[in-house]
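Have the sequence and the 3D view ready.

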Amino acid sequence: MNNILNSPIASSVLGAKVLAVTSGKGGVGKTFVSANLAAALAKRGRRVLVLDADLGLANLDVVLNLHPKITLHDVFTGKATLDEAIVKAPGGFSVLLAGSGMVEYSRLTPEVRDEFLQVIRSLVPRFDVLLLDTGAGISDVVLFAVSLASEVLVVATPEPTSLTDAYAAIKVLATQQKRQHVRMVINQTARPGDGRAITTQLQQVLDRFVTNGTGRSIRLIHVGDIPADPSVREAVMRRQLLMVNTPGCPAALAVSELARKLDETVISPAESSGART
């Protein structure tokens, strides 16, 4: 796969910051983080679009309780325009949803790559932030979506299987994409400080066994913990955004803090993309 980290999409300061939200394994709350982070950033005045980049097993529509008539599949096939496919979500941000069960998108064909690239190029000038909610793992489709992003958020939980798979994904990002750093979000933590300790342990393993081609190991940046919170499960079961329905619960406050950190340290350099709305 061609590495396009130096493409105008990944490096541009004239349009949206493109952030990939990914994970080593499924079931760690990646889409939950994407959707609620988008709502928190929108609340801070950012123009945000979440693109469901899990092209074969999309579920952003389920989390947001949306029933789109037009999806990314229709854009790819020329049946609809990009504007027709963009939908407003309850949290004040926009979404571009993918169709679920599309087996033709489970592999990265040249056609899928070109169509996806064109969509991202079209979206960049229109928003402050693009969040790519990728699939889990290290398939070629996932890695291509991540390669389009200037920043990567890896979501993991304290469970050993999640951390093992997160390590594997980060290793690939270091060796194949030559990433200098990735940002870590630890979901479902039991105690304050757990996520930072977990990130430190992962960093120690990476320092021993992984380099990114520069002779140095990839750097993990811990950007936040989201505590285990019964409000999360309730929101997911009801298909509601946590940030909209229970903004004062511990998990929602943690997402708000995550949004603040990313806004101030990652998104602010793109201020020239346009005034906040």
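Which strands does α8 lie across? Helix α8 lies across β6, β7 and β8, running at about 160° to β6. A quick word on the names: helices (H or I, at least four residues) and strands (E, at least two) are DSSP runs, numbered from the N terminus. Angles run from 0 to 180 degrees between N-to-C directions, and axes are lines fitted to C-alpha atoms, for helices over the stretch in contact.

Before going on, some ground rules. This is a predicted model, where local features need pLDDT of at least 70 and side-chain atom pairs count only at pLDDT 80 or more, while totals for chains, interfaces and linings use all residues. Residues are numbered from 1 along each chain as its sequence is written, and side-chain values use heavy atoms, with hydrogens and water left out.

Now for the sheet. Eight strands make up an open sheet with mixed pairing, in the order β3-β4-β2-β5-β1-β6-β7-β8; two strands pair if DSSP finds at least two bridges between them. At the edges sit β3 (86–88) and β8, each pairing on one side only. From one strand to the next, the twist averages 25°.

Look at β5 (129–136). Seven of its eight residues are buried, so β5 is largely enclosed by the rest of the structure. Buried here means under 20% relative accessible area, exposed means over 50%, and partly exposed is in between (1.4 Å probe, protein chains only). On one hand, β5 pairs with β1 in the parallel sense over six bridges, with S23 bridging to A136 of β5. On the other, six bridges join β5 to β2, again running parallel, and here L49 has L130 as its partner. Helix α2 (residues 30–43) packs on the sheet and touches β1, β2, β5, β6 and β8, with its direction at about 170° to that of β5. Contact means heavy atoms within 4.5 Å.

How do you get from β7 to β8? Through helix α9 (residues 194–209): together, β7, α9 and β8 make a right-handed β-α-β unit. Right-handed means that, with the strands pointing away from the viewer, the path from the first strand over the helix to the second runs clockwise.

Helix α9 also packs with α8 (residues 160–175), at an angle of about 45° and with their axes 11 Å apart. L163, Y167 and I170 of α8 meet I198, L202, V205, L206 and F209 of α9.

Most residues other than glycine have a negative phi. K178, in the loop between α8 and β7, has a positive phi near 55°, and Q188, in strand β7, has one of about 60°. K178 counts as partly exposed at 43% relative accessibility, and so does Q188 at 40%.
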